[in-house]
Amino acid sequence: MEVTIHETTTIFPSKPPFSENHVLPLSHLDTDRNLNLTFRYLRVYVNHTTQQLDPYEVLTSSLSAALVPYYQFTGCLRRRPSDNRLELYCQVGNGIPVILSTVDCTLASINYLDDPDYEFAEKLVPDPRYDEALTQPLILQLTRFKCGGWVFGTAVHHAMCDGMGSTLFFHAMAEIARGGNEMKVEPVWNRSSLLGPRNPPRVEFPVHEFLSLDKDLSPYLESGKPAVRECFEVKDEWLDRLKGFLNEQSGLNFTTFEALGAFIWRAKAKASKIPGDEIVKYAYLTNIRRTVKPALPAGYWGNGCVPIYVQLLAKDLINQPIWKTADAIKKSKSIITDEYVRSLIDFQELHYDEGITAGNRVSAFTDWRHVGHETVDFGWGGPVTVFPLSRHLVGSVEPCFFLPYSSATEGKKDGFKVLVCLQEEAMPVFKEEMKQLEHGLS
């Protein structure tokens, strides 16, 4: 299957959002070195309507209107001379590149990209080089399929927003596309004051216990070994059995994120043959928009999540009962307080120049089943499939995503799927470990 690129058009705000070039500071969460990367994902839309609307025309028109209040996406990221942090330079007359492409097949023939051929899926989403991603922090691609359906590919620099922030923007676009006259949620920037350091900065939560200082982050962002992606199904019955087993062992109840996360973390450690005396970390992002005091405004679309880490010796992770690992993940949630967030920000303020890293044995986990990606409706209904293509998350090069099955896929309404990124040499053993989920632990 060939993806044919037809044109790349720059879409400008429908009216000038500002009259003079200016610079906007980012928050200390935005400028986290682990977020200096592009996040890429796609949404799949099926054309069930009889109307002959052109999705490219609808999307570019609504994008043009949405870029008036969200004009910051037309800016370019650059290093601030004073401290080398990223800042946003907004220049009059800038716009957003939108790529138009086509594929000569139907979405049904490729199962609505539910578990896609990754080489093909990569061609449906822009993949800017490092320098291009700074000068164009948002690049979009619309690919038409033979059936009338289409795929909307997004490449957004993580310094601009997290998944919830980008979804706010796309919801604004969608409201305009469906004929709305005004946005339900007005965007709020104000990043450096809402999530900036205290004066003087003070680290009252011991974040140094799981973060270390190293100027060279390249060893942590590039493993040097081939990595592959695989999707695994998780049926409700298997998950219920796992939770039941952990409850029998401990008398405790665990969420899906805690129980399955603990199981997969251990399986990855076993498969990767990590030396027993090395520290391994389970990392996830948690939304702090309502945790901080005062709470962030509803329209705040910058990075509003902070990383949480659970760390163990590899030998303990592999040998201890899984319920203990699940319990460690459960207990980690108790540290999510305003003080934790402020200490993390102040730690960034004090040590940014020294380089902040969580190390090279980080397994990142995120749950995309309920974050709202699937509710963005441009007039064709919400996307039937939402699929991430990023290989980096929270300082990890081996992320794990919990994803819903495509709503267009017949016979796969039971449970959900897990997308795992792992070194190629470790994947065969990991697959064997995952079979325990189906057959039950003992």
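In what order do the 6 strands of the open sheet stand, and is the pairing parallel, antiparallel or mixed? In this predicted model, in which local features need pLDDT of at least 70, side-chain atom pairs count only at pLDDT 80 or more, and totals for chains, interfaces and linings use all residues, the order is β10-β17-β16-β14-β11-β12 and the pairing is mixed. Residues are numbered from 1 along each chain as its sequence is written, and side-chain values use heavy atoms, with hydrogens and water left out. Strands (E, at least two residues) and helices (H or I, at least four residues) are DSSP runs numbered from the N terminus, and two strands are taken to pair if DSSP finds at least two bridges between them.

At the edges of this sheet stand β10 (227-234) and β12, each of which has a single partner strand, so one side of each is left without a neighbour in the sheet. From one strand to the next the twist averages 20°, where axes are lines fitted to C-alpha atoms, for helices over the stretch in contact, and angles run from 0 to 180 degrees between N-to-C directions. Strand β10 runs antiparallel to β17 (residues 416-423), to which 8 bridges join it, and alanine 227 stands opposite glutamine 423 in β17.

A further open sheet is formed by 3 strands in the order β2-β5-β4, with antiparallel pairing. Its edge strands, β2 (22-25) and β4 (76-79), each pair on one side only, and the twist averages 40° from one strand to the next. Between β4 and β5 (residues 86-90), which run antiparallel, there are 4 bridges; cysteine 76 stands opposite tyrosine 89 in β5.

Among the helices, α8 and α10 pack at an angle of about 120°, their axes being 8 Å apart. The two helices are therefore oblique to each other, given that angles under 35 degrees count as roughly parallel, over 145 as roughly antiparallel, 65 to 115 as roughly perpendicular and the rest as oblique. Residues Glu258, Ala259, Gly261, Ala262, Phe263, Trp265 and Arg266 in α8 meet Ile322, Thr325, Ala326, Ile329 and Lys330 in α10, contact meaning heavy atoms within 4.5 Å.

Within α10 (residues 322-332), the residues Ile322, Thr325, Ala326, Asp327, Ile329 and Ser332 are buried, that is, under 20% relative accessible area, as against over 50% for exposed and in between for partly exposed (1.4 Å probe, protein chains only). The cover over these buried residues includes α7 (236-250), α8 (256-272), β11 (279-287), β12 (305-313) and α9 (314-319).

Two individual residues were also examined. Histidine 157, which lies in strand β8 (residues 150-157), counts as buried because its relative accessibility is 1%. Its side chain is joined to that of asparagine 36 by a polar contact of 3.2 Å, a polar contact being a pair of N or O atoms within 3.5 Å of which, within protein, one must be able to donate a hydrogen and the other to accept it, while residues adjacent in sequence count only if both atoms are side-chain atoms. Not counting residues up to four places away in sequence, histidine 157 touches several residues, including Leu35, Leu77, Leu86 and Pro137.

Alanine 174, in helix α4 (residues 163-177), likewise counts as buried, at 0% relative accessibility. Leaving aside neighbours within four places in sequence, alanine 174 is in contact with Val376, Asp377 and Phe378; alanine 174 and valine 376 are 202 residues apart in sequence and 6.4 Å apart in space, C-alpha to C-alpha.
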